[in-house]
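Please consult the sequence and coordinates alongside the text.

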Protein chains: 2
Amino acid sequence: MDLVERKFRILQAIVDDYIVTALPVGSRTISRKYEQNLSSATIRNEMSDLEELGYLDSPHTSAGRVPSYKAYRLYVDRLMKRTPLGAEEAQAISRFFDRRMRQMEDVAERAAHALSSVTHYTTAVMTRQTGEDDLKLRHLQLVKVTENTALLLLVTDAGVVKQTPMHVSPGMSTDDLYKVSRMLTERLAGCRLGQVQSILEGIGAEFRDQNELLSGMLETLRESATPEGHTDLVVGGTSNLLEYPEYSDVEKARNLLSVLETREKVIRLLQGGAQMEFSVRIGPETGLPETKDCSVVSATYRLGDGRVNTIGIIGPTRMQYGRVISALEYMGKALMETLSGQEQK
Amino acid sequence: MDLVERKFRILQAIVDDYIVTALPVGSRTISRKYEQNLSSATIRNEMSDLEELGYLDSPHTSAGRVPSYKAYRLYVDRLMKRTPLGAEEAQAISRFFDRRMRQMEDVAERAAHALSSVTHYTTAVMTRQTGEDDLKLRHLQLVKVTENTALLLLVTDAGVVKQTPMHVSPGMSTDDLYKVSRMLTERLAGCRLGQVQSILEGIGAEFRDQNELLSGMLETLRESATPEGHTDLVVGGTSNLLEYPEYSDVEKARNLLSVLETREKVIRLLQGGAQMEFSVRIGPETGLPETKDCSVVSATYRLGDGRVNTIGIIGPTRMQYGRVISALEYMGKALMETLSGQEQK
DNA sequence: TGTTAGCACTCTCAATCGAAGAGTGCTAAC
DNA sequence: GTTAGCACTCTTCGATTGAGAGTGCTAACA
């Protein structure tokens, strides 16, 4: 029997146990529950080694051991087994999609709720367009709302991006706006958002009398061209976190919650692993000082229609990684099927 | 000096003090801080009376007294003085509106953040249309997104209501959809959402070959006609609540947070006072068992464009009612100016 | 009649102390 | 290389205690 292998089997047992109990793990616990043919003294020696190697910390002399970030890293990369979703859990996720799809925005919200309730952690769903370069304008529509305001709708490859109230001169009739919309759409459809601006400026001459309207539209377009301009974000299940003892200190809980309320920070949290399809970031790897004892498991799905969805599950470092990854995987499949052509199955 | 008046002045002092400290108020505190020409013994007698009248509770024999719901009710209705907003606070609210207005959805989110940060409580902003009867369709647009999906946009008096992916047969070109949209808009614009359905069914005959598309649109319309179909809800500042000692018990905090995460419950919380323009609901009056020691101060604004905004501020029963009401009032003015015709000032 | 001082009484809160329990590290024996 | 045994450390929990805050009552006073 390889002794190094045994060492890591013990480490795995410690992490497994700690993930469930949140209590420092002692040598006797391991020898009773996981390695019955080894005595606690042997385990003790191994644990002492593991501590020296940086995989374990001891809160104080006579508590058990607690996994370090390094241990979780190793655990996720090599030791952990994926826990397949139970039938009821898989069903809970599917159920969110079996009704006919309604609002686009609903998808993210539903996904967030489904995952939160299955995993008992917090879920963040971020939807954004593929790089701004790829984003093409499809349709532009001005809709009269009150005597002197209209709503500018910008539709891109991936749905309505902007919906902004505009000033129009009271002289413009519903039909006038309709014509303008049609004309502009004809000229601009298929252009990238970045280009649209300059073209619109060129057209400016024809609309001398509607300068105010034009400059309003220009500004809206400018904003739409930035990636932040069309990033939707939904966060669900934040109250779940309070069920874990690591946040029974209200101050800690408050800090974390306030991160989850800050759009920019959540986006940062999700972006960290944006390169890869799947990513697990542990503790300090999350990038924010406030989440240095949280982990984020995230997955990115490229939908057929040009949108990119990133789903992140946020919980304490002693997260049930195996389960969470399975849940994300399952959700990914469900999302793909539902959104990029419902009939393709 | 009227003795009854004095009694209530003392009650006011107790509530005032308790709102700030969250600690049971003793007779000596009152005699020192609020009624210097009365001895603590006198106050004690009065407090004993007030307890008998149901305005005060005592947690135990030798703690001070704590206001009852009845006391808060009286306080809000008759005793309390509105606390005008400080200059910096007013500015904090204004600042959310002085930039050019961007996305419609942003308004609610910004308002929620502004109010949360000024009041240090939680803010919920609900936007919905006036009764479904009044809601008229303005524009309908099908935009091709992928080979066999299009996006159906429904625009009403008050902005885009629905944005739903639809199946279309691959034969339909961008231009075909454009024509269909135009045709449908011409026939349907100005109709109430409820009517649109039946008209659309009537038109059905002309679109024999597009049955799938038509039934999809019908379903979307059906959903849009219900009030829940177009109620936007934003909640901000939930982490603020954790700063109050009443939620230092994690279990309590969790319960409350989970209410604030449940769309339906928050809507219920805001609807309670929907009849009035301004409403203060205290403890059990909030209607939900989970919020029996919270208060909700809400205000409803009818915007020019047919939308109704309800903003509610949620906090512990010992809320700074005076300040909160002032903040809501101020926000109301700012909202009105910004949204219903920006130039009307 | 209303106000006040004084006092006994009650209850909480924080600090202290000690015993129990869990776990370690080390040593010596197998 | 493994294990039993043991001394040692550190936390946790319960009980005890004293201080402090606040009340209610009584009796005296204006």
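## Basis of the model

This is a predicted model, in which local features require pLDDT of at least 70 and side-chain atom pairs count only at pLDDT 80 or more, while totals for chains, interfaces and linings use all residues. Residues are numbered from 1 along each chain as its sequence is written, chains are lettered from A and ligands numbered from 1 in the order in which they are written, and side-chain values use heavy atoms, with hydrogens and water left out.

Of the atoms of DNA strand D that come within 4 Å of the protein, 76% belong to sugar and phosphate. By class, the surface comprises 4 nonpolar, 12 polar and 4 charged residues. In this classification, Ala, Val, Leu, Ile, Met, Phe, Trp, Tyr, Cys and Pro are nonpolar, Asp, Glu, Lys and Arg are charged, and the others, Gly among them, are polar.

Helix H3 (40-52) of chain A and helix H3 (40-52) of chain B each supply at least two residues of this surface. The largest share, 4 residues, comes from H3(A). Helices (H or I, at least four residues) and strands (E, at least two) are DSSP runs, numbered from the N terminus.

An N or O atom in the side chain of Arg44(B) is 3.1 Å from a base nitrogen of DNA strand D. For Ser62(B), a backbone N or O atom lies 3.1 Å from a sugar or linking oxygen.

Over all chains, the structure holds 32 salt bridges, each defined as a side-chain nitrogen of Lys or Arg within 4 Å of a carboxyl oxygen of Asp or Glu. In chain A, the side chains of Lys7(A) and Asp49(A) form one at 3.1 Å, N to O. This pair links helix H1 (residues 3-21) of chain A, which holds Lys7(A), with helix H3, which holds Asp49(A), 42 residues apart. Lys7(A) is buried at 15% relative accessible area, whereas Asp49(A) is partly exposed at 36%; buried means under 20%, exposed over 50% and partly exposed in between (1.4 Å probe, protein chains only). Arg6(A), Lys7(A), Glu46(A) and Asp49(A) are linked in a salt-bridge network.

In chain B, Glu46(B) pairs with Arg6(B) in a salt bridge whose closest N and O atoms are 2.5 Å apart. Glu46(B) lies in helix H3 and Arg6(B) in helix H1 (residues 3-21), so the pair ties together parts 40 residues apart in sequence. Glu46(B) also forms a salt bridge with Lys7(B), at 2.9 Å between the closest N and O atoms. Here Lys7(B) in helix H1 and Glu46(B) in helix H3 are 39 residues apart. Both Glu46(B) and Arg6(B) are buried, and Lys7(B) is buried too.

## Surroundings of Ser295(B)

Ser295(B) belongs to strand E9 (residues 294-302) of chain B and is buried, with 0% relative accessible area. Its side chain makes a polar contact of 2.7 Å with that of Tyr321(B). Not counting residues up to four places away in sequence, Ser295(B) touches residues including Arg281(B), Thr286(B), Ile313(B), Pro316(B) and Met319(B), where contact means heavy atoms within 4.5 Å.

Key: Near = heavy atom within 4 Å. Polar contact = N/O pair within 3.5 Å; in protein donor to acceptor, adjacent residues only side chain to side chain.
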